[in-house]
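Look at the fold below.

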Amino acid sequence: MATRPKDKRRVARIMKIAIIGANGQLGVDLRRTLSAETLVPLAHCDLDVSNSEQVAQVLDSVSPDVVISTAAFHKVEECEKEPETSFAVNATGPRNLALACSRINAVLVHFSTDYVFDGGQQQPYTELDLPHPLNVYAVSKLAGEGMVSLTWSRHFVVRTCGLYGVAGSKGKGGNFVETMLKKAGQGVPIRVVHDQVLTPTFTGDLAEAISRLIRSEAYGLYHVSAEGQCSWYEFAREIFALTATEARLTIANAADFPSKVPRPHYSVLENKGLKSISRNVFRPWKEGLREYLTVTNREVFAA
Ligand SMILES: NC(=O)c1ccc[n+]([C@@H]2O[C@H](COP(=O)([O-])OP(=O)(O)OC[C@H]3O[C@@H](n4cnc5c(N)ncnc54)[C@H](OP(=O)(O)O)[C@@H]3O)[C@@H](O)[C@H]2O)c1
């Protein structure tokens, strides 16, 4: 009797994934993108990352294969005034998670920021460039990176940049795209800085990249953001162009909005590590923006 050839395709194992900060901007897109896995969404009220006992107890009882934490205290001005809270959430929090993950042998995905750099460079920062944070938020995030990598080897530390997603940034009270469209709708003058350069990154695309990354065992530090770069002014101009929105938009400089908290003027990340393991799924930032506007049911026009 003829035997059927063996199916050589690898059947992907369903993973149990705990998502911390599950109701945040990135958390919501992670839940959507990873919906084929067994997900355990944990909101701030379920687990406070700065509480070591609670972290240990919750993760021990959930016993996931992977923990993805988006939790952060990232209102930059408030971090400056509250360094203790900033370090408790952004540095001790990731340490608590790394300790718990090491006990249950779970992979930890932790998010960090482009703000670990000072912006003095004229070209995109790679994972090999030396961080030099300029404010308390950024120092606490860099400390969080160190806590994770020092504590537990099975980690992905993911630096990203300029996030916007369907859920809006809970921590910042709405994302930049929504703020721009709202202001244009109100007909008020909109002045946006042209001397701060970033890469706007759609959290849907970031979630897709994470979904692929956690299927590898190439643990370590990764820059994970969309391709290309623009100023905040150019970002706003593209939002209005794609949605054919009339807006009273003009150029400003960072010096026009004096702040006690220094920020990098250039914080573009190069996905060098992802490219080296053939896992860079990113498209140019304008295409991510178009996708975001489509999924938020905006009419999108050719820009
Ligand atoms: N947004 C950006 O442009 C940007 C840029 C670079 C890097 N990042 C990093 O990317 C990650 C995700 O950002 P996001 O825009 O998705 O932020 P987000 O929308 O504010 O989501 C963060 C989530 O973490 C929760 N959270 C805050 N403190 C917590 C704590 N102590 N314990 C447990 N949960 C806590 C928040 O819950 P509550 O709201 O209920 O407190 C919220 O659901 C962060 O690590 C951030 O530092 C963001």
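Strand 5 runs parallel to strand 10, and four bridges join the two. Strands count as paired if DSSP finds at least two bridges between them. Helices (H or I, at least four residues) and strands (E, at least two) are DSSP runs, numbered from the N terminus. This is a predicted model: local features need pLDDT of at least 70, side-chain atom pairs count only at pLDDT 80 or more, and totals for chains, interfaces and linings use all residues. Residues are numbered from 1 along each chain as its sequence is written, and side-chain values use heavy atoms, leaving out hydrogens and water.

Strand 5 has another partner. It pairs with strand 4 in the parallel sense, over six bridges. The chain passes from strand 4 through helix 5 to strand 5, a right-handed β-α-β crossover. Right-handed means that, with the strands pointing away from the viewer, the path from the first strand over the helix to the second runs clockwise.

| Residue in strand 5 | Residue opposite |
|---|---|
| Val157 | His110 |

Buried means under 20% relative accessible area, exposed over 50%, and partly exposed in between (1.4 Å probe, protein chains only). His155, Val157 and Arg159 lie on one side, with Phe156, Val158 and Thr160 on the other.

Now take helix 5, residues 136–151. Its 16 residues should span 22 Å at 1.5 Å a residue, and its end C-alpha atoms are 22 Å apart, so the two values agree. The expected span is 1.5 Å times one less than the number of residues. The buried residues of helix 5 include Val136, Tyr137, Lys141 and Val148. Among the elements covering its buried residues are helix 4 (83–104), strand 4 (107–113) and strand 5 (155–160). At the helix start, a side-chain oxygen of Asn135 comes within 3.4 Å of the backbone nitrogen of Tyr137.

Arg263 sits in the loop between strand 12 (248–252) and helix 9 (272–276). Its relative accessible area is 25%, so Arg263 is partly exposed. Leaving aside neighbours within four places in sequence, Arg263 has contacts (heavy atoms within 4.5 Å) that include Tyr115, Leu134 and Asn135. Arg263 and Gly119 are 144 residues apart in sequence, yet 8.1 Å apart in space, C-alpha to C-alpha.

Not counting residues up to four places away in sequence, Ser211 touches Thr33 and Leu34.

Notes:
A polar contact is a pair of N or O atoms within 3.5 Å; within protein, one must be able to donate a hydrogen and the other to accept it, and residues adjacent in sequence count only if both atoms are side-chain atoms.
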